[in-house]
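Here are my notes on the model, as numbered points. Please read them with the structure open.

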Amino acid sequence: MNRTVLLALLSHWRRAPLQLFTLIAGLALATGLWSGVQAINAEARASYDAAAATLGEGRFARIEAAAGGTISRDDYVALRRAGWQVSPVVQGRLGPLRLIGIDPLTAPGGIAPVSEGADISAFLGGTGQVFGQAEALARLPEIDAVPVVASDVAPNSVITDISVALRMLDQEGLDALLVDPEQPQGRPALEAAAPGLTLRPAQAGSEVGRLTDSFHLNLTAFGLLCFAVGIFIVHGAVGLAFEQRRPVLRTMRALGVPLGRLVGLMLAEMAALALIAGSLGVGLGWLLASQLLPDVAATLRGLYGAEVAGGLTLRPSWWLSGLGLALAGTALAAGAALWRIATMPL
């Protein structure tokens, strides 16, 4: 019986291919716009987390110049002699890339050495080494250092020894000092050891991620609005199909098809159509996000100084949300029609 009833239900779409196209296209476009936005947001947040992990942002307190600018080497030496366990950091632009200089011997655990099996002597000695992803190293200007591929470095960023970074940036002072969580007792206060410096405590999460929350919230709202517009199209197509299938449904009820089975098979029909349209929408969202991601990355770099990877990764967080929203939207659009079926007299 199930097969016969399901074939009778599906025969409507064979007689009305334009309605089927409208339903599939509307749901696929709605899911595609939502999935594309979520793919961009997920890639951006992954880049923020990678950048934060590279320098331990949010996990370690930082010492910076109270009046802005750089920290002199004399202040760094004074803090070390006073017992402060701090590590210097230098940051700057090297062509299109972000250059980060660290001291692997004093850096807190988790940020150096850059990759497993890293040769510390090669990192420190001679011309030094520069670590980064393959895409970043390919765009690296001509420098007097050995490039080394490291997948755990943030996108569009390279890491090297602090002395090499100072030489490349033609800089004297230090941008910040990372504070090790384990500090000796009895050390003097920061103001006494190095006046003019201020301590920024560790924070939960990436600072860049918090700055860009409103930007990503706007993108999410835009994707949700587009999805809502698509659901109106789906609602119209489902409602029209119900009205046109009313005589068929009454005939099947008169022939003895149980109401629960009829509603369940229509739910299965809508779920199958939603999965097909949702899968098409996820693929469309992938294409849309891959085209828009470079422009979004440029916008985030210009507004917030955030580095976002130019490539797109298939992450379960966004394609599962796309399929789930397609199913939920279809259920919402078909809810009124299914209720009328459940209360329809013979």
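1. **End of helix 6.** Helix 6 gives way to aspartate 170, whose phi is positive, near 55 degrees. This residue is not a glycine, yet phi takes that positive value of about 55 degrees. Aspartate 170 sits in the loop between helix 6 and strand 7. Its relative accessible area is 73%, so aspartate 170 is exposed. Buried here means under 20% relative accessible area, exposed over 50%, and partly exposed in between, with a 1.4 Å probe and protein chains only.

2. **Basis.** The model is predicted: local features need pLDDT of at least 70, side-chain atom pairs count only at pLDDT 80 or more, and totals for chains, interfaces and linings use all residues. Residues are numbered from 1 along each chain as its sequence is written, and side-chain values use heavy atoms, with hydrogens and water left out. Helices (H or I, at least four residues) and strands (E, at least two) are DSSP runs, numbered from the N terminus.

3. **Overall.** There are 11 helices and eight strands. Of the 346 residues, 45% count as buried. Among contacts with a separation of 6 or more, 77% link residues 24 or more positions apart. Contact means heavy atoms within 4.5 Å.

4. Eight strands form an open sheet with mixed pairing, in the order 5-4-6-3-2-7-1-8. Strand 5 (146–149) and strand 8 (197–200) are the edges; each has a single partner strand, so one side of each lacks a neighbour in the sheet. From one strand to the next, the twist averages 30 degrees. Two strands are taken to pair if DSSP finds at least two bridges between them. Strands of a sheet pair through backbone hydrogen bonds, either parallel or antiparallel.

5. **Strands 1 and 7.** Strand 1 (residues 61–65) and strand 7 (residues 176–179) run antiparallel, joined by three bridges. Alanine 61 has valine 179 of strand 7 as its bridge partner. Helix 6 (residues 162–169) packs on the sheet and touches strand 2 (86–94), strand 3 (97–102), strand 4 (129–132) and strand 6 (157–161). The direction of helix 6 makes about 35 degrees with that of strand 2. Such angles run from 0 to 180 degrees between N-to-C directions, with axes as lines fitted to C-alpha atoms, for helices over the stretch in contact.

6. **Burial of helix 6.** Six of the eight residues of helix 6 are buried, so the rest of the structure largely encloses this helix. They are Ile162, Val164, Ala165, Leu166, Met168 and Leu169. These buried residues pack against helix 3 (73–81), strand 2, strand 3, strand 4 and strand 6.

7. **Strand 6.** Which sense does the pairing of strand 3 and strand 6 take, parallel or antiparallel? Parallel, over five bridges. Strand 4 and strand 6 pair in the antiparallel sense, over three bridges. Isoleucine 159 of strand 6 stands opposite isoleucine 100. Isoleucine 159 is also the bridge partner of phenylalanine 131. Strand 6 is mostly covered, with five of its five residues buried.

8. **Helix 1 on helix 9.** Two packed helices are described by the angle between their axes and the distance between the axes. For helix 1 (residues 2–15) and helix 9 (residues 213–254), the angle is about 155 degrees and the axes are 10 Å apart. That makes helix 1 roughly antiparallel to helix 9. The cut-offs are under 35 degrees for roughly parallel, over 145 for roughly antiparallel, 65 to 115 for roughly perpendicular, and oblique for the rest. The crossing is right-handed, meaning that the near helix is turned clockwise from the far one by less than a right angle.

9. **Residues of that contact.** Val5, Ala8, Leu9, His12 and Trp13 of helix 1 meet Ala241, Gln244, Arg245, Leu249 and Met252 of helix 9. The contact residues divide into seven nonpolar, two polar and one charged. Nonpolar covers Ala, Val, Leu, Ile, Met, Phe, Trp, Tyr, Cys and Pro; charged covers Asp, Glu, Lys and Arg; the others, Gly among them, are polar.

10. **Glutamate 43.** This residue lies in helix 2 (residues 17–55). Glutamate 43 is buried, with a relative accessible area of 4%. Not counting residues up to four places away in sequence, glutamate 43 touches Leu293, Val308, Ala309, Gly311, Leu312, Thr313 and Arg315.
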